[in-house]
Amino acid sequence: MMNNVGGGSRPTQAELEAAARWHIRLSRVGSDGVVKERFRDWILASPANLRAFEQVDRTTHVLDTEAARSVMAHFADHGCDAPPHPASRDRWLSNIHRMAASFALLLFSILTVTLLRQPESTTSDVVNTPTGIRKNITLADGSIIALDQSSELEIAYSQHQRTIRLVEGQARFTVAHDARRPFVVMANNQSVVALGTIFNVERLDGATRVFLKSGRVAVSTRPKNDTGPAADALPGAITLLPGNQVEVQTGGKVNLRRHVDEQEVFAWEEGYILLNDVPLEDAVRRLNRYKFAPIVIDDASARDLHLSGMFRTNGVTGFTEAIARLLPVHVEEIDGRHIISCRNRCRRAPGAIR
């Protein structure tokens, strides 16, 4: 189980520059206790200072061999062998100091450019839940994900964006506010961008369903593989209000519901599915997500029968027995599948199961 993502942000340019200066200064002073004491105080002042210095130190190991050769060649080219006469020693030392300073500046420039050209680091992880198990995940920024059973998501945190890919299943997201790093959820190639909010995303076969409890989210209505840093950058984005639920199908069809009861949406956290006058086809699609024995509607006229009720998500037997009693359908188990067909003639008539 993943508890934290992204243990530390990438050092800033100012932090890297300060670390490079300290690295050069320490290489000059040898055992100077005063400088080392000040260096220790700088390191202890902020964890960011330590991360920056470690990154500079790793880079210097790569540059050491080439840099040493360059300095020796530079000294040789300028005739900097030790002077044979004491009278020339002061001038010789002055030249050495000037070239050492030039080299320090050169090394500092190389370090800064090398470090800043490194690709942005991304911390990632994969979390999944088997059938019958739900899980809560707390991310490094304080955001919380409640993951439904039979679900999987990929978490990728970078300096500029927090990205969650819902591979399958359902999750509730409670997002910690960070205006500099949008929180983006990808599902079925749709994107949801949030800034400090609570919302639910359910990935169904051929559709993505998003419910907003509080805050603000923008949901793409057209496929997009990646997103920009702003919600307004999403193609065909629709902004939800609290209590709204939108279902975006992979073909682009949008179904927006207003004033949805949040108990209906979040019933899964208690191990239930709450249905409120929904087509039987939709109910079956949601039950099948839990990967029990699959339910198949064998008669097209049965798909539009409407159903209301509360059903446990720990199996399909209670569901199939209930609809067989209430609706004009017959349910038969064949080869591990529950086949639904009409008894005589299916008519559109809402059922109620409580």
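The structure holds five aromatic pairs. By a pair I mean rings of Phe, Tyr and Trp (its six-membered ring) whose centres lie within 6.5 Å; planes under 30 degrees apart count as stacked, over 60 as edge-to-face and the rest as tilted.

Before the details, the ground rules. This is a predicted model, in which local features need pLDDT of at least 70 and side-chain atom pairs count only at pLDDT 80 or more, while totals for chains, interfaces and linings use all residues. Residues are numbered from 1 along each chain as its sequence is written, and side-chain values use heavy atoms, with hydrogens and water left out.

The protein has seven helices and 19 strands. Helices (H or I, at least four residues) and strands (E, at least two) are DSSP runs, numbered from the N terminus. Of its 354 residues, 43% count as buried. Buried means under 20% relative accessible area, exposed over 50%, and partly exposed in between, with a 1.4 Å probe and protein chains only. Taking contacts between residues at least 6 apart in sequence, 55% join residues at least 24 apart; contact here means heavy atoms within 4.5 Å.

Back to the rings. One of the pairs is F173 with F183, which is edge-to-face, at 6.0 Å centre to centre and with 65° between the planes. That pair links distant parts of the chain, since F173 sits in strand β5 and F183 in strand β6, 10 residues apart. Both of these residues are buried. How are the rings of F173 and F199 arranged, stacked or edge-to-face? Their centres are 5.2 Å apart and their planes are at 20°, so this pair is stacked. It also links distant parts of the chain: F173 is in β5, F199 is in strand β8 (residues 198–204), and 26 residues separate them. F173 has a relative accessible area of 0%, so it is buried. F199 also comes out at 0% relative accessible area, and is therefore buried.

β6 covers residues 183–187 and is mostly covered, with five of its five residues buried. F183, V185 and A187 point one way, V184 and M186 the other.

What does β6 pair with? For pairing, DSSP must find at least two bridges between two strands. Strand β5 (residues 162–174) pairs with β6 in the parallel sense over four bridges, and there I164 has V185 as its bridge partner. Strand β7 (residues 190–194) runs antiparallel to β6 and is joined to it by five bridges. On that side V185 stands opposite V192. The hairpin of β6 and β7 has two residues between the strands, and in it N188 takes a positive phi near 50°.

Now another sheet. Three strands form an open sheet in the order β15-β18-β17, with mixed pairing. β15 (295–297) and β17 (329–334) stand at the edges, each with a single partner strand, so one side of each has no neighbour in the sheet. Direction ignored, neighbouring strands are turned by 25° against each other on average. Axes are lines fitted to C-alpha atoms, for helices over the stretch in contact, and angles run from 0 to 180 degrees between N-to-C directions. β17 and β18 (residues 337–342) run antiparallel, joined by six bridges, and I334 stands opposite R337 in β18.

Two helices lie across these strands. Helix α6 (residues 280–288) lies across β15 and β18, running at about 160° to β15. Helix α7 (residues 317–326) lies across β15, β17 and β18, at about 145° to β17.

Last, helix α2, residues 33–45. At 1.5 Å a residue, its 13 residues should span 18 Å, and the end C-alpha atoms are 18 Å apart, which agrees; the expected span is 1.5 Å times one less than the number of residues. Which residues of α2 are buried? V35, F39, W42 and I43 are.

V35 counts as buried because its relative accessibility is 13%. The C-alpha atoms of V35 and W22 are separated by 9.4 Å, with the two residues 13 apart along the chain.
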